[in-house]
Amino acid sequence: MKTYQMLVDGAWVAAESGKTFAVMNPATGEVMARVPEAAAADVDKAARAARRAFDEGWRDVTAQERGRILFRLAEQVRKDAKALAELETLNSGKPLMESEYDINDVATCFEYYGGLATKLHGEVLNVPDNALSLALREPLGVAGQIIPWNYPLLMAAWKIAPALCAGCTVVIKPAEQTPLTLLELARSFETCGVPKGVVNVITGFGEAAGAPLVAHPAVDKIAFTGSVEVGKRIMRSAADTLKKVSLELGGKSPNIFFADADFESAVDGALFGVFVNQGEVCSAGSRVLIQRPIYRKMLDAMVEKAKRIKLGSGMDPATKMGPLVSKEHMERVMRYQEIGRKEAKVASGGGRPREAELQKGYFVEPTIFYDVDNSATIAREEIFGPVMSVIPFDDEKDALRIANDTPFGLAAAVWSRDIFKCFRMVKRLQAGIVWVNHMQPTYVEAPWGGYKMSGIGRELGPWGAEEYLQVKQVHINLNEAPIGWY
Ligand code: NAI
Ligand code: MG
């Protein structure tokens, strides 16, 4: 079994304590590798290395060169795509086809920010004086990045790529459950031209390795994707050193179906919205709102299809849904299934699958609860698994009221053939991402992030790079004479 090292200041190292921890294959419950268990001392080394790399060189590397490095990273990802996708599936559980999409998106993300590097520029301002007034955009410095386990390499790319594009250096911590694809990619950093110390990868747990990164004085910014609870903790801790933070947190996104929606697309869209990636999706359409005239018919059609979703190892091409990422997470999702059985009616699933070959892995059944009241726990709390709560509604106003009655605001989707109705909904839904007649497509060109308690800041597109920049105002006096005040 492979024991990995982590990348600090261009060197592959163990944790200073010498400790390692096990990384699991969630489809089998077997240990697949070991990685260093970083603590504050390791984080300190990495943060200092990133600081040095920024101050002593990276800040002067041209945008063109940073762009080329990002293009080389993209090329490397495409070259290693097969192996990376397989490793992603073995470590995270998701079906191989979904990993293949993810890895392709990783490469696309590096390409996008490779191109954007030379298009970031400042402005010349029309101030009322004989002066040249400039707004320059400069990199923030050292970015600390904390990554979740649901899209391991993709979430790392969403953070590394804009940071390098903007000219920052990075200390990145993958989730403890899924560090392997990033560690593999990091092996190519040197040959892709990433100078030593510019991207440091530390592996470890949240409290022991994530928290010291957030607190570290050499780090200028924290970018985090994960739970609301940890997001709040990060914000509090970042206040001590006044770091910038961007947070992409959870959701309880409504997927809203009007009676005039295309029926077959609606059924597919509702299932895809919450069952893709085992429901381990921050924008999961976990609240399915259905207008009463089609409520029963659509529920029956969804159940019919949900029952045929094939669970299994992500490596099996027949598999449509893999295991959840960890035993701990499976148990959390099962607790919600139990709560749901008391709060609402079960239309399908509701527990663990019975097949003998699925017992060792962390599998749960795709589950549909119906007649759910929007005040129920399963309608309010993020479950982050394949659990759908179906809620009936009467009309547009009712749909909006239910959809917006949540502390979250990451995403929402509306399905109808009436464009006027769709646009009225689009305007009034409180969410950072709104889909019409689809749910989940995500593009590196378009902004990603939440309203309300779903987060702060936006990833992807030029907005993503903006999070790693700060603005410098420059005033250049053109009057060759004293001010004349005294
Ligand atoms: P988490 O928020 O604890 O973990 C996410 C990342 O934050 C990991 O890298 C972890 O090591 C790190 N972390 C944990 N505690 C930290 C701390 N005190 N300081 C700095 N970093 C810390 O999420 P977890 O426990 O894996 O999952 C719990 C729930 O969070 C899930 O059930 C789901 O609802 C939500 N979640 C949401 C995600 C999203 O995409 N928005 C992704 C992952 C989880
Ligand atoms: Mg946690």
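The legends below describe several close-up views of a predicted model.

Because the model is predicted, local features are reported at pLDDT of at least 70 and side-chain atom pairs at pLDDT 80 or more, while totals for chains, interfaces and linings use all residues. Residues are numbered from 1 along each chain as its sequence is written, chains are lettered from A and ligands numbered from 1 in the order in which they are written, and side-chain values use heavy atoms, with hydrogens and water left out.

**View 1. An open, antiparallel sheet is formed by 3 strands in the order β6-β7-β21.** Strands are DSSP runs of E with at least two residues and helices are runs of H or I with at least four, both numbered from the N terminus, and two strands count as paired if DSSP finds at least two bridges between them. The edges are taken by β6 (123-125) and β21 (469-477), each of which has a single partner strand, so one side of each is left without a neighbour in the sheet. On average, and with direction ignored, neighbouring strands of this sheet are turned by 25° against each other; the axes behind such angles are lines fitted to C-alpha atoms, for helices over the stretch in contact, and angles run from 0 to 180 degrees between N-to-C directions. Strand β7 (residues 131-139) pairs with β6 in the antiparallel sense over 3 bridges, and L125 stands opposite S133 in β7.

**View 2. A second open sheet has 7 strands with mixed pairing, in the order β15-β16-β17-β14-β13-β18-β19.** Its edge strands, β15 (345-348) and β19 (433-436), each pair on one side only. Strands β13 (residues 254-257) and β14 (residues 287-291) are joined in the parallel sense over 4 bridges, with R287 of β14 as the bridge partner of P254. Helix α14 (residues 419-428) lies across β13, β18 (411-415) and β19, and runs at about 170° to β19.

**View 3. Helices α2 (residues 63-79) and α4 (residues 96-116) pack at about 165°, with their axes 7 Å apart.** Two packed helices are described by the angle between their axes and the distance between the axes. The two helices α2 and α4 are therefore roughly antiparallel to each other, on a scale where angles under 35 degrees count as roughly parallel, over 145 as roughly antiparallel, 65 to 115 as roughly perpendicular and the rest as oblique. The crossing of α2 and α4 is left-handed, a term used if the near helix is turned anticlockwise from the far one by less than a right angle. Residues of α2 in the contact (heavy atoms within 4.5 Å) include L70, F71 and V77, and those of α4 include I103, F110 and Y113. By class, the contact of α2 with α4 has 10 nonpolar, 5 polar and 2 charged residues, where Ala, Val, Leu, Ile, Met, Phe, Trp, Tyr, Cys and Pro count as nonpolar, Asp, Glu, Lys and Arg as charged, and the others, Gly among them, as polar.

**View 4. Helix α3 (residues 81-92) crosses helix α5 (residues 152-166) at roughly 115°, and their axes come within 9 Å.** That angle makes α3 roughly perpendicular to α5. In the contact, L84, E88 and S92 of α3 meet P152, L153 and L154 of α5. These residues divide into 4 nonpolar, 1 polar and 1 charged.

**View 5. Q278 and N437 have positive phi values, although each is a residue other than glycine.** Q278, with phi near 60°, lies in the loop between α9 (263-275) and β14. At 1% relative accessibility, Q278 counts as buried, where buried means under 20% relative accessible area, exposed over 50% and partly exposed in between, with a 1.4 Å probe and protein chains only. N437, with phi near 55°, is placed in the loop between β19 and β20 (455-456), and at 38% relative accessibility N437 counts as partly exposed.

**View 6. I383 is placed in the loop between α12 (377-380) and β17 (387-393).** The relative accessible area of I383 is 3%, and this residue is buried. Leaving aside its neighbours within four places in sequence, I383 is in contact with K252, H329, V333, Y336 and I378.

**View 7. The buried residues of helix α7 (residues 206-215) are A209, G210, P212, L213 and V214.** What covers these buried residues of α7 includes the helices α1 (40-55) and α8 (228-239), together with the strands β8 (142-146), β9 (169-173) and β11 (221-225).
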